[in-house]
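Hi,

Here is the structure I promised to pass on. Have a look at it first, and my notes follow below.

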Amino acid sequence: MKRASTRSLARLTMALALGMLAALPVWAGNAPAPPKFRLPSEVAGPVRYAVDLTIVPDRDTFTGAIDIDLNFKQSTPILWLNADKIAVKVASLSSAGQEVAVEVIPTPKDYVGFAFAHPVGPGAARLHVSYQGEISRKDMQGIFQVKDGGEWYVYSQFENIGARRAYPCFDEPAYKVPWQLTLHVKKDQVALSNTPALSETETGNGMKTAKFVETPPLPSYLVALTVGNEDIVDAGTAGEKHTKVRIVVPHERAAEAKYAAQTTPDIVNLLEKYFGIPYPYDKLDEVAIPLAGYAMEHPGLVTYGASIIAVKPENDTLNRQREWVSVAAHELAHQWFGDLVTTAWWDDIWLNEGFASWMANKIVNEYHPEWNMNISELNASQGAMENDALVSARRVRQPIESNDDIANAFDGITYSKGSALLNMFESYMGPAKFREGIQRYLKEYSWGSATSAQFLAALAGNDSAIASAFSSFLDQPGVPLVTAALDCQGGDAKLDLTQQRFLPLGSSGAVPELWRVPVCVRYASGSGKARQCVLLGEQSNEMALTKATGCPGWLDANADADGYYRVLYQNDLLGSLLKDGGHELPLAEKVSLIGDIYALTRSGKMPLGRALGLAPALAQDSARQVVTKTMEITTGLGDNLVEPGLLPRYRQYLVDVYGARARNLGWASKPGESDDSRLLRPSLEGVLANQAEDPQAIAEAEKLAMAWLGDHKAVRPDMVGVVLTTAARHGDRQLFDRMRLAARQEKNEDFRGTLLFSLGLLPEPDIATAAMPIVLTDEFDNRQSLNILFGVSQSPKTRDLAYSFVKENWDALVAKLPTDTGAFLPYVAAGYCDPQHRQDVQSFFEGRSTKYTGGPRILAQVLEGIDLCVAYKKAQAPSVAEFLQNYAARSGESR
């Protein structure tokens with residue numbers, strides 16, 4: 001038995017003396033322990049919240065009061081809620097018409113307890129809590145503030161577990177109930193939340209009270225607010241219900257909302273058409289948050305990083321517009337998938353994020369088919385495959401057992417793999433049938449929460465094979481490697497298929513996993529083309545090519561590049577696909593094939609030297625996306641895979657592959673040129689200058705950088721990034737000083753971020769040494785100045801300096817930078833490729849970065865990345881050397 005604390009015994013003695021024992025909490029010893037992770041759902045749940053907050057920008061605290069209508073499911077002496085960085089002042093409970101005394105049990109993090117004078121429940125009750133919270137100036141979680149144009153603005157960001165910083169609550173997604181919000185703010189400032197204002201009343205002392213309409217059922221993380229001197233731009237109406245749309249930006253930035261205002265209604269209309277359900281909420285405000293690198297789908301109050309949604313027309317670029325439409329489509333798709341129907345727990349967050357990513361690509365492809373956003377989706381899918389090949393990779397439906405697991409769930413596996421799986425099964429099932437399942441799911445679970453099992457049941461209907469196949473990708477990590485061998489013996493064409501887990505060189509993983517893989521193939525059939533699919537559920541299977549007329553001259557084992565798997569072609573199947581530059585392949589299949597070629601070098605199933613030999617012909621393709629995809633094979637080899645004596649040949653190889661096209665495009669745009677030329681130019685010029693070290697390209701970048709520093713009109717906005725970073729990589733102290741001064745004066749946050757990153761790229765060690773301490777000052781907002789440190793870590797010449805700076809200044813960095821930045825600092829060492837540094841990185845960061853949310857998995861993946869680099873270098877450097885030794889440039893130089 002535990003002994004009661006001295007304080008508790010004294011309190012108990014006093015109570016007995018005063019005859020007040022009945023007014024004490026039923027626990028009289030040590031304070032009860034809080035939940036280990038999740039709140040005890042069997043005890044109580046919320047029915048409704050009413051939140052009252054007083055928020056004034058440029059103050060570091062806010063005051064709040066919350067009334068929570070509760071349903072106690074059983075009698076209990078204590079109620080635990082989530083709370084963090086909140087100081088509770090007063091708490092009271094009313095139950096069955098009586099007031100019950102409450103004692104507050106604070107904890108260091110995540111929880112607050114309310115102990116009752118006697119057990120409460122079962123039945124209804126109302127808890128009232130008055131408290132004070134923080135308005136952070138360095139974090140973008142909870143309620144925080146950002147300065148723009150000399151003014152402070154307050155915003156909220158509660159996903160994933162930031163709502164507990166704003167109010168004590170049941171901070172889990174399945175608790176989905178109505179909320180009523182009231183804000184007390186300065187009378188001349190704008191206050192917004194998820195719903196329209198019910199009333200605004202001046203209350204004296206320069207303040208007003210804004211009361212908002214009660215929300216439909218929402219989980220805690222979707223409640224939102226903003227307060228500040230904001231401009232509101234009317235964007236008309238959207239959808240079947242003619243919902244009012246507005247763009248909300250910091251003061252005097254209304255002109256920057258033009259493109260968002262033009263496009264938002266169109267996006268909403270396209271989403272309504274697909275879902276067959278009107279936009280679910282009463283209004284749609286889209287809010288720009290300065291310095292935010294994210295967007296968030298709060299119903300009725302969607303927030304975006306300011307650089308995503310707002311830009312001066314003269315600084316706008318096609319890339320920025322493409323990003324905006326894609327991100328807006330993602331967040332607005334959430335209004336149905338994530339908001340109207342919410343994931344029941346974080347292990348199914350892919351239902352929110354993977355679906356919104358998939359839906360965004362679908363909407364953008366319909367809205368702007370000329371953008372070929374399906375190729376961006378494909379590249380994201382293959383990027384997820386690289387992560388999925390790691391032993392430390394998460395499952396899509398990873399069990400969530402800690403805050404670390406919640407943080408780690410918001411990664412490429414959730415977003416891009418989740419999207420890729422939806423795309424694969426839509427292709428296999430057929431778009432019409434797939435859409436029917438989506439609409440069935442949304443209608444069945446509207447205003448509630450749901451799980452993957454419920455989604456798959458609605459999607460598949462009576463087809464249990466679909467649910468089983470989909471689950472095989474959700475419930476285990478990894479990406480399949482499908483080996484395809486064409487067999488035309490005996491007169492009938494057939495395809496022998498086998499599967500195993502794709503693993504890179506140096507991986508410690510095993511390969512016992514099996515998936516039920518929807519393999520769809522496309523092949524030559526007479527003078528035409530045929531398509532067939534099979535569900536590959538065993539380690540090997542045979543597909544009869546029933547539409548073939550003889551032995552197909554070519555066959556693609558990932559038709560339309562819709563499959564989430566890698567392909568290894570046997571015999572001459574690869575050669576037949578690459579014949580004449582892959583002319584038989586549509587764009588997506590060609591890009592996918594190049595990605596698979598690169599992946600095969602990573603797994604050791606193709607020599608990298610052979611891949612380097614295949615790339616030049618593919619790089620002559622007319623499609624921009626094919627050219628840039630070849631750069632996965634050809635670039636970035638100089639640091640680890642090319643011997644110093646062979647660097648001149650490697651650089652000449654890059655000039656031969658990309659130089660003519662880069663010089664033809666030049667650094668400046670030309671009248672009447674295509675969008676693809678504008679999008680390709682930065683990639684080509686960057687390779688020529690920074691990988692091939694072409695003196696002419698470097699000199700042009702340096703000249704343009706100095707011109708831009710004097711007059712921003714000297715360089716088109718879409719070239720500013722490559723111009724500044726190229727000049728920095730070859731710059732001197734004079735350029736550093738010019739860029740630092742420019743960063744202080746720069747009002748455009750994208751340009752300022754690029755300038756700060758460039759400050760870390762200058763090659764001289766003494767400049768890097770002078771640059772990094774800026775991160776620990778207030779010269780720039782620390783949410784941006786961290787770019788300097790990661791810039792220094794990019795180059796082998798200065799990487800040791802960045803790593804040493806982190807080690808020597810660890811305590812100062814984690815104190816100064818946003819909370820949990822410590823989890824990400826191992827990335828400064830991610831570029832190492834040797835066992836000695838790997839051991840040192842593990843030794844230093846274990847117990848340091850791993851203390852921060854998400855840190856353990858981040859460190860594990862950094863360490864695994866170093867291990868794989870070591871193995872890749874050992875296995876592939878000889879083939880690169882052999883290729884370069886035998887390489888004869890098209891210039892005719894003798895090798």
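Please bear in mind that this is a predicted model. I began with Lys283, which sits in the loop linking α2 (258–275) to β18 (284–289). Although it is a lysine, Lys283 counts as buried because its relative accessibility is 8%, below the 20% cut-off. Beyond residues up to four places away in sequence, Lys283 touches Ser193, Asn194, Thr195, Pro196, Thr243, Lys244, Gly300 and Leu301.

Leu301 brings us to strand β20 (residues 301–305), where five of five residues are buried. Leu301, Thr303 and Gly305 are on one side of β20, with Val302 and Tyr304 on the other, and both faces are covered. β20 runs parallel to β18, joined by five bridges, and Asp285 stands opposite Leu301. With β19 (residues 295–296), β20 pairs in the antiparallel sense over two bridges; here Tyr304 is the bridge partner of Ala295. Four residues separate the strands of the β19 and β20 hairpin, in which Gly300 has a positive phi near 75°.

Tyr304 turns up again in the largest nonpolar core, which has 224 residues: along with Phe275, Ile438, Tyr441, Phe455 and Leu789, it touches the most other members. Helix α27 (residues 855–886) gives the most to this core, eleven residues. Leaving out neighbours within four places in sequence, Phe455 is in contact with Phe337, Trp350, Leu351, Leu422, Ile438 and Tyr441. There is also a second, separate core of 67 residues, with Val43, Tyr131, Leu218 and Val227 among them.

Key
Residues are numbered from 1 along each chain as its sequence is written. This is a predicted model: local features need pLDDT of at least 70, side-chain atom pairs count only at pLDDT 80 or more; totals for chains, interfaces and linings use all residues. Side-chain values use heavy atoms; hydrogens and water are left out. A nonpolar core is a set of buried Ala, Val, Leu, Ile, Met, Phe, Trp, Tyr and Cys residues joined through side-chain atoms within 4.5 Å. Buried means under 20% relative accessible area, exposed over 50%, partly exposed in between (1.4 Å probe, protein chains only). Contact means heavy atoms within 4.5 Å. Two strands pair if DSSP finds at least two bridges between them.
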